[in-house]
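Colleague: I am new to this structure. Could we go through it together?

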Amino acid sequence: MDPKTVAENANAIFSLPEVAIRINELLNSGEASIDSLEEIIIYDPVLTAKLLKLANSPYFGFSRKIDTISQAISLIGHKELRNLVIATSVTTTFKDIPPDLVDMEAFWYHSVTCGVMTRLFAAQINSEEQERFFIAGLLQSIGKLIFFSQYPAESREILSFKDQGEAVIRKAELEVFGFTHAQLSAEFLKQWMLPSSIWEMIEFQFDPLNTNAPTQDSCILHIAVNIASCLEPCANQTVKTDQIKPTYHIEAWNQLGLNPEVTQAIIGKTGIQVIEVLGVIKPEVMIIY
């Protein structure tokens, strides 16, 4: 068993909606224009409504109201558009996951939290192309859903160790499958033709100092995912930085030049932005939480 084969098989089951595929292909071609992108999106009224709602949310903080898709594309840019289209599509792509293995509402709450927090950390250290960090954080655990869907028995065996922490879970994944959900997530996103600048940081999120890793990107994702994993999936919870158990690599923290005050501020902003994003892409989660 290898992650590439599993990802290829999973892509036949969990493919993106046609509109997302067309937009992704157009952007990858290098020939995308505002008009050509708008022409695809406006034929999907649900996607159009979600994109406009998100573009007008505090997540972006534009000073004027955005009334059209062309305005949204012009302001947020092509790369951010790709991320938003995938984000609004992915929550409906993964269906029929065994409910005894995962609470899908909690999964997406946690995933959006990871996405928002990763983007905020990237902005804090002025990383390049900050928009890609949201989609990396959002999709960094997508391999878990593939494991749950395609290998439920093995996943139940692995989840029997969940009370011992994520490190033990990853060790169990390696023993059972020969690779982790992070490696599978990266391979799967290759199948979706996402840029390497997204899936590479996901591949090395648990080993950000690996010589093959995009070090800064992987460190950002590594720190954000670890902190987000300490937060209960509840918008009303108050978390203090000094209460977070540091399960991340200290050197990754040091490389980013972070401090508790900055981290506490990012945690506060994350809680607000998660509500805004979930209210658009997965509003039923907010009803529960």
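Predicted model: local features only at pLDDT ≥ 70, side-chain atom pairs only at ≥ 80, totals over all residues.

Modeller: Residues are numbered from 1 along each chain as its sequence is written, and side-chain values use heavy atoms, with hydrogens and water left out.

Colleague: How many salt bridges does a search of the whole structure find?

Modeller: The search finds six, a salt bridge being a side-chain nitrogen of Lys or Arg within 4 Å of a carboxyl oxygen of Asp or Glu. One of them joins the side chains of Lys79 and Glu129, at 2.3 Å from N to O.

Colleague: Where in the chain do Lys79 and Glu129 lie?

Modeller: Lys79 is in helix H6 (residues 78-93), and Glu129 is in the loop between helix H7 (104-124) and helix H8 (131-139), so the pair links distant parts of the chain, 50 residues apart. Helices here are DSSP runs of H or I with at least four residues, numbered from the N terminus.

Colleague: Which other residue forms a salt bridge with Glu129?

Modeller: Arg132 does, with the closest N and O atoms 3.6 Å apart. Lys79, Glu129, Arg132 and Asp217 are linked in a network of salt bridges.

Colleague: Is Arg132 buried or exposed?

Modeller: Arg132 is buried, at a relative accessible area of 8%. Glu129 is partly exposed at 36%, and Lys79 is partly exposed at 43%. Buried means under 20% relative accessible area, exposed means over 50%, and partly exposed lies in between (1.4 Å probe, protein chains only).

Colleague: What about H6 itself: how many of its residues are buried?

Modeller: In H6, 13 of the 16 residues are buried, so the helix is largely enclosed by the rest of the structure. Its end C-alpha atoms are 22 Å apart, which agrees with the 22 Å that its 16 residues should span at 1.5 Å a residue; the expected span is 1.5 Å times one less than the number of residues.

Colleague: Let us change topic. How many residues are in the largest nonpolar core?

Modeller: It has 96 residues, and Phe94, Phe188 and Trp192 are among those with the most contacts inside it. The largest share of this core, 11 residues, comes from H7. A nonpolar core is a set of buried Ala, Val, Leu, Ile, Met, Phe, Trp, Tyr and Cys residues joined through side-chain atoms within 4.5 Å.

Colleague: How many aromatic pairs are there?

Modeller: The structure holds 12. In one of them, the rings of Phe94 and Trp192 have their centres 6.3 Å apart and their planes at 55°, so this pair is tilted. Rings of Phe, Tyr and Trp (its six-membered ring) pair if their centres lie within 6.5 Å; planes under 30 degrees apart count as stacked, over 60 as edge-to-face and the rest as tilted.

Colleague: Are Phe94 and Trp192 buried or exposed?

Modeller: Phe94 is buried, and so is Trp192. Phe14, Phe94, Phe188 and Trp192 form one aromatic cluster.

Colleague: Finally, which residue lies over the face of Trp199?

Modeller: Lys190 does, at 4.2 Å from the ring centre. A charge sits over a ring if NZ of Lys or CZ of Arg is within 6 Å of the ring centre and within 35 degrees of the ring normal. The side chain of Lys190 also meets that of Glu187 in a salt bridge, at 3.2 Å from N to O.

Note on methods
Helix = DSSP H or I, 4+ residues; strand = E, 2+ residues; numbered from the N terminus.
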